[in-house]
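Trainee: I have a model open and want to go through it with you. Where do we begin?

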Amino acid sequence: MLISFYILAALAVGGALSVVLFRSPVYCALSLVATFLCLAGIYVLLNSEFVAAIQVLIYAGAIMVLFLFVIMLLNLRSDKPLRHSWTWPKLLGIGFAVAIIFQLIGIFHSPAARMGPAGKYSTEYLQQKGAVEVVGEVLFTEYVLPFEIISILLMVAVVGAVILAKRREPASTEQTP
Amino acid sequence: MSPGFTQTDFLSIMPEMLIFGMGLVVLLFDLFGQGRSTRNLAYLTLLTLGAAGYLDVMLLGQFLPGFGGSVIADDFSIAFELVFLVVCALTVLISIRYLEDRGLNHGEYYALLLFATGGMMVMASGRDLLMIFIGLEILSISSYILCGFLQQDRRSNESALKYFLLGAFATGFLLYGIMLIYGATGSIALQDIRAALADPATFQNPYIWMGLGMLLVGWSFKIALVPFHMWTPDVYEGAPTAVTAFLSTGPKAACFAALVRILFEALAATRAEWQQVFWVLAALTMTVGNVLALHQDNIKRMLAYSSISHAGYILVALVAGGEEALAGVIFYALAYTLMNTGAFAVLILSSAGDRERVNFSDYAGFGYLEPALGAAMFVFMLSLAGIPLTAGFAGKFQIFKAVVGQGYIWLAVIGVLNSVVSIYYYLRISVVMYMQPATGDSISTRPPGSVPLYVAIVGSLAGVLYLGIFPGGWLEMSLHSVSRIITGG
Amino acid sequence: MLLEQYLPVLALIFLALGLGVALTLVSILLGPKKITPAKKKPFESGMPSDGAQYRRYSVRFYMVALTFLIFDVEIVFFYPWAVKFRELGFYGLGVMSVFFVILTLGLVYDWKKGALEWE
């Protein structure tokens with residue numbers, strides 16, 4: 001258990017780092033897929049298979065395709081390396097990041113943070129009933145209103161995609177550089 | 001909870017259901033009524049808003065938790081919902097002419113405004129973090145689209161993109177905050193979080209504090225508090241002027257509604273901490289907003305910075321936190337809506353049938369060309385600056401009175417000093433209008449009239465003066481509606 | 001639902017990975033290697049490659065991907081409903097219908113606006 005968590009976590013962090021460190025945007029996007037998949041593995045370890053499935057379906061699948069299209073749309077060139085100069089905002093940022101890391105370590109080590117599980121849905125309950133069943137039960141009773149309103153949210157997103165991206169005038173000839 | 005709904009469930013979200021449903025209807029009418037004028041859709045939208053307002057007034061005085069307590073129709077949500085309906089109605093009125101001038105016959109615009117309004121109403125009536133979050137997302141996504149509605153205009157596209165990127169970033173913070181608080185308390189219902197925080201072991205959990213910090217950052221981004229305000233001027237300048245009027249009033253009021261609910265109903269136990277944070281943020285927001293507004297040549301940009309500083313004034317009320325101060329939040333939300341939208345309405349009318357006129361220099365001598373419009377603008381500017389007998393003064397008075405009453409003298413002093421500074425840039429436009437001779441570049445022809453715009457201007461003018469001279473009624477209602485929030489019942 | 005039941009999945013992942021790596025290795029180790037200048041080129045047949053490696057895609061791909069994503073998210077909400085279908089009965093059907101009808105309006109919108117056409 002713990003070992004698989006550490007392996008997955010290390011891979012996820014590695015993937016996240018390579019997203020930042022790779023110069024080619026396509027490599028970055030593919031590293032992000034690796035991170036997403038490792039996260040899905042971690043969700044499985046946490047007994048939430050449903051979230052893991054969504055993670056693969058939505059993030060590693062649909063969203064990554066969208067990312068790649070956007071990268072191709074923007075036509076980012078990988079041959080122009082980003083300049084790395086040590087300006088003071090960067091140093092300040094690194095300073096803050098280090099401070100936050102130490103603070104987080106402090107928090108995770110403080111006894112007050114270790115209070116065990118909270119809330120209604122314990123691991124045993126999830127294991128006994130199955131993650132998807134529990135989600136279905138809760139989603140359609142307790143959270144039925146948020147569920148219905150999400151359909152409005154998705155509707156707005158559909159309308160928005162058309163308004164913002166669809167050409168209203170007759171389409172001009174496709175541009176290729 | 002067994003499946004099935006009760007009458008209370010439906011009653012508690014009736015206005016929201018009406019707004020969302022009619023949003024869909026407007027969208028369908030637009031789809032299948034191709035070629036017809038969208039003016040009818042605008043009137044249908046206004047009718048819907050009126051009907052929703054009627055429903056809200058009918059629900060006044062009730063306390064109806066619905067859907068297992070995830071939403072509630074109480075006086076607090078209804079007071080804010082009425083403000084949102086006024087925001088949306090004024091926006092529709094000032095949009096009709098604006099869209100027609102640009103040949104944008106798209107009914108989606110009104111549907112999106114309705115969806116955004118519905119989202120704001122969900123934010124005000126949501127009683128768990130999930131509802132509030134979904135309401136915020138509906139509002140945000142609709143706003144991003146509205147910002148980019150002028151598809152051919154680069155600045156409008158820039159505005160939509162910047163708003164989207166920073167809005168999504170802020171959403172990330174909010175979600176992390178919600179997640180951490182859920183992790184520590186085991187619930188997303190505001191009442192349950194409050195109950196969980198009564199337990200000292202939970203209260204001392206550092207996750208609560210991390211969550212609180214994330215939430216504050218997220219909301220500060222959304223409300224555009226300094227130092228999280230960088231996106232505001234560009235977004236407001238690039239967006240269609242009518243949308244800018246909407247963005248600077250509605251979403252801010254909605255975020256304050258949700259913030260008050262979260263902070264006072266769920267996280268009341270942590271008040272001492274967020275009070276200190278907000279003290280600093282309020283002082284910074286008021287000052288930076290005002291100082292930056294001083295040097296703007298573009299009126300839209302000036303009003304953008306002014307909206308930042310006004311958010312600062314409202315934040316002062318959250319620091320004080322008493323019943324009087326929170327009533328000030330609701331009162332000020334309406335007052336600011338009226339005066340700000342009124343000013344934008346004058347801008348839109350002045351440049352109707354022409355290119356967009358948003359620079360100070362365009363308005364040289366305008367007061368002699370259009371004395372009535374110039375006078376209306378003067379009143380709106382007086383109100384924004386907080387001169388007595390206007391709504392702006394009544395709101396500021398209510399807030400600063402409460403703040404002094406709670407002992408935050410310095411914050412009140414900073415606020416009043418800022419109000420004094422703001423008189424300079426607000427009255428600058430009237431000075432330009434009346435004391436500078438018209439140049440070749442300024443507006444030289446009388447703008448064509450537009451009935452909806454006249455209605456918007458006269459309506460906001462009447463509202464500004466009414467709230468300024470007789471603040472009693474709305475204040476009473478605001479006071480009444482926050483009492484239960486404070487006690488956490 | 002215990003985690004042990006995911007062991008086959010893990011085994012499958014390793015098997016797939018191992019097979020891929022093994023086959024590549026085998027072909028590298030055992031295959032004949034005759035490197036000619038023509039083989040070193042990115043394309044062995046057809047036109048010599050020319051121009052940038054990345055080409056700008058049309059925004060239409062993006063439109064399709066975005067629409068797909070939104071309806072993909074919609075589908076996610078169907079899984080828990082399908083699993084609990086019997087228990088929820090007509091109540092669940094009604095709740096799902098409202099959700100589905102609203103999203104179908106989105107599809108109708110897309111359709112009427114021509115977002116589904118490639119032009």
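Mentor: Begin with Phe67(B), which is buried, with 25 other C-beta atoms within 10 Å. Keep in mind that this is a predicted model.

Trainee: Where in chain B is Phe67(B) found?
Mentor: Look at the two strands around it. E1 covers 64-66 and E2 covers 71-73 in chain B. Phe67(B) lies in the loop between strand E1 and strand E2.

Trainee: Ala224(B) next. Is it buried or exposed?
Mentor: Ala224(B) has 29 other C-beta atoms within 10 Å. The cut-off for this class is 20 or more. Therefore Ala224(B) is buried.

Trainee: What is phi of Ala224(B), and which loop holds the residue?
Mentor: Phi of Ala224(B) is positive, in a residue other than glycine, and is near 65°. As for its place, Ala224(B) is in the loop between H10 and H11 of chain B.

Trainee: Which residues does the cis peptide bond join, and what is omega?
Mentor: Go to the loop between helix H10 (206-223) and helix H11 (232-238) of chain B, where Pro227(B) is found. The cis bond joins Val226(B) and Pro227(B). Its omega is about 5°.

Trainee: Which hand does the crossing of H14(B) and H18(B) have, and which residues make the contact?
Mentor: H14(B) passes H18(B) in a left-handed crossing. H14(B) contributes Tyr313(B), Val316(B), Ala317(B) and Ala320(B). From H18(B) come Lys396(B), Ile399(B), Ala402(B) and Val403(B).

Trainee: How do the residues of that H14(B) and H18(B) contact divide by class?
Mentor: No polar residue takes part. The division is seven nonpolar and one charged.

Trainee: Turn to chain A. What are its elements, and how much of chain A is buried?
Mentor: Chain A has seven helices and zero strands. From the N terminus on, the order is α-α-α-α-α-α-α. Of the 177 residues in chain A, the buried share is 24%.

Trainee: Which element of chain C gives the most to the side that touches chain A?
Mentor: In this pairing, 44 residues of chain C are in contact with 43 residues of chain A. Helix H3 (59-76), helix H4 (78-83) and helix H5 (85-112) of chain C each give two or more residues. With 14 residues, the one that gives the most is H3(C).

Trainee: Last one. How far apart are the C-alpha centres of the two domains of chain C?
Mentor: Domain 1 of chain C covers 1-29 and domain 2 covers 58-119. Their C-alpha centres lie apart by 35 Å.

Terms used
Residues are numbered from 1 along each chain as its sequence is written. Chains are lettered from A and ligands numbered from 1 in the order in which they are written. This is a predicted model: local features need pLDDT of at least 70, side-chain atom pairs count only at pLDDT 80 or more; totals for chains, interfaces and linings use all residues. A crossing is left-handed if the near helix is turned anticlockwise from the far one by less than a right angle, and right-handed if clockwise. Helices (H or I, at least four residues) and strands (E, at least two) are DSSP runs, numbered from the N terminus. Two residues are in contact if their C-beta atoms, placed from the backbone, lie within 7 Å. Ala, Val, Leu, Ile, Met, Phe, Trp, Tyr, Cys and Pro count as nonpolar, Asp, Glu, Lys and Arg as charged, and the others, Gly among them, as polar. A residue is buried if 20 or more other C-beta atoms lie within 10 Å of its own, exposed if 12 or fewer, and partly exposed in between; C-beta atoms are placed from the backbone. Domain bounds come from an automatic or database domain assignment.
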